[in-house]
Amino acid sequence: MRISQLEGKRVALWGWGREGRAAFHALRERLPGLPLTLFCPQAEAAAACAESAGALQVESAVTGEALARFDVVVKSPGISPYTPEALQAQARGTQFIGGTSLWFSEHARADGRLPDTVCVTGTKGKSTTTSLLAHLLRAAGHRTGLAGNIGLPLLEVLDPQPAPEYWAVELSSYQTGEVARSGARPDVAVVLNIFPEHLDWHGSEQRYIDDKLALVTAGHPRVAVLNAADAHLRALQLPHSQVVWFNQPAGWHMVGEVVYRGAQPVFDTSDTPLPGRHNRGNLCAVLAALEALGLDAVALAPAVRGFRPLPNRLQLLGERDGVRWVNDSISTTPHASLAALDCFAGQRIALLVGGHDRGVDWHDFATHMRDNAPLEIVTMGANGPRIHALLQPLADAGRFGLHAAGDLPHAVEQARAALGGQGGVVLLSPGAPSFGAYRDYVARGRHFAELAGFDPDSISAITGLGVA
């Protein structure tokens with residue numbers, strides 16, 4: 001649905017975070033006379049009224065009956081369409097869309113194609129992969145837009161001038177279905193991996209997988225770049241797309257620290273700034289995507305050395321009293337925590353895990369702790385007690401030290417004490433969202449930096465967002 005198609009319809013916004021504000025400003029710019037109602041919590045209502053200069057009618061009570069008064073509800077990504085209120089309104093004919101869908105509809109050609117647009121998704125690694133893609137495109141001299149879930153809502157770059165040659169767009173599982181519903185067909189879609197996540201939003205593991213994969217199963221990209229090492233992706237049949245595999249010997253893959261294209265060694269990643277082997281492996285996805293765009297990926301690969309790693313992703317903050325502090329606040333699944341641990345194998349690690357409890361299974365994590373545990377583990381947050389109970393038998397068997405903390409400050413204190421002044425790594429890789437305790441993972445990472453004795457402002461910026 002294009003923005004112009006909202007003319008004459010009863011339209012509401014749901015959510016007044018950055019995405020909601022971006023939707024408001026885009027609609028107001030394109031359709032200045034369109035009446036708009038905003039559904040948001042009472043605490044945000046005053047700010048919404050002030051920012052919109054009174055151009056919004058604000059309601060704080062969200063019910064199915066209230067939502068059903070509207071033809072279209074433009075909702076923020078964090079609001080699930082599977083809530084009882086949304087389902088009730090949908091049953092009565094209300095259409096729910098997001099800013100992602102509007103942006104894709106606006107940019108698609110008449111046949112639905114989105115030329116020179118690369119969409120990247122995956123349970124982990126998607127932000128670094130998308131940013132790295134934009135970095136290499138710019139290194140080749142191409143004006144490139146970097147936006148989406150990475151931290152810049154697409155509607156904030158609805159119509160940049162001059163227009164970029166390429167778009168690198170990160171999509172979360174909240175947004176991938178929006179692409180399919182927009183009727184747009186991305187030029188290239190990259191899927192890195194699939195692990196259970198966001199089960200509270202999606203309602204089940206299978207629905208999460210289906211929503212995540214909608215980018216390629218329903219979005220019908222011209223080229224789908226898929227990870228051959230992922231069982232969910234290997235099982236896909238995509239008759240409407242050309243499929244390019246990475247992480248297999250015939251395509252882009254790694255042997256040790258060296259990236260290969262088929263049998264040809266291309267690039268040694270050992271001296272690159274990419275944090276973690278999984279991120280260096282995702283370089284293979286980026287190079288495959290560049291080739292799908294018709295570019296010389298072999299020639300561009302060495303430009304990765306100029307890449308600046310993103311904050312909150314295996315970010316080395318620095319050293320204090322012999323202890324290195326690593327901020328991996330973006331980690332919201334147990335699998336991400338395991339990947340982070342692998343980066344520091346053989347070192348004295350105090351790992352901080354836990355946060356918002358959305359029902360994700362930690363048994364696989366516990367299994368890995370039998371043989372690959374850090375020196376110390378500190379559990380914290382709402383799901384901390386559940387993780388702690390799961391790990392207690394292994395701690396009792398002497399596999400690692402186990403400590404319980406009520407919150408992040410207490411966890412940092414416990415980790416510092418557990419290392420006993422003998423050096424090592426304090427690794428915040430919580431494997432869970434920050435909801436409840438913090439606004440988002442960025443706020444959690446900033447607090448961790450402050451507790452460790454570092455300036456949070458100096459570690460928070462994502463470089464390269466927007467069009468350049």
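Select Ser331 and Ser429 to begin: their side chains are joined by a polar contact of 3.2 Å, a polar contact being a pair of N or O atoms within 3.5 Å in which, within protein, one atom must be able to donate a hydrogen and the other to accept it, while residues adjacent in sequence count only if both atoms are side-chain atoms. This is a predicted model, in which local features need pLDDT of at least 70 and side-chain atom pairs count only at pLDDT 80 or more, whereas totals for chains, interfaces and linings use all residues. Residues are numbered from 1 along each chain as its sequence is written, and side-chain values use heavy atoms, with hydrogens and water left out.

Stay with Ser331, which sits in the loop between β16 (323-327) and α13 (334-343); helices (H or I, at least four residues) and strands (E, at least two) are DSSP runs numbered from the N terminus. Ser331 counts as buried because its relative accessibility is 2%, where buried means under 20% relative accessible area, exposed over 50% and partly exposed in between (1.4 Å probe, protein chains only). Leaving aside residues up to four places away in sequence, Ser331 touches, among others, Pro430, Gly431 and Arg444, a contact meaning heavy atoms within 4.5 Å.

Arg444 leads on to helix α17, where it is one of the buried residues, together with others including Tyr441 and Phe448. Select residues 441-452 to show the whole of α17: its end C-alpha atoms are 16 Å apart, which agrees with the 16 Å that twelve residues should span at 1.5 Å a residue, the expected span being 1.5 Å times one less than the number of residues. At the start of this helix, a side-chain oxygen of Asp440 comes to within 3.2 Å of the backbone nitrogen of Val442, and after the helix comes Gly453, with a positive phi near 100°. The buried residues of α17 pack against β15 (315-320), β16, β17 (349-353), α16 (408-419) and β20 (424-428).

Next, select Leu13, Leu27, Val74 and Phe104, which have the most contacts inside the largest nonpolar core, a group of 52 residues. Such a core is a set of buried Ala, Val, Leu, Ile, Met, Phe, Trp, Tyr and Cys residues joined through side-chain atoms within 4.5 Å. Apart from it lies another core, of 40 residues, with Phe246, Trp252, Ala297 and Phe307 among them.

Finally, look at the cysteines: the structure holds zero disulfides, a disulfide being a pair of cysteine sulfur atoms within 2.5 Å. For Cys284, the nearest cysteine sulfur is that of Cys343, 16 Å away.
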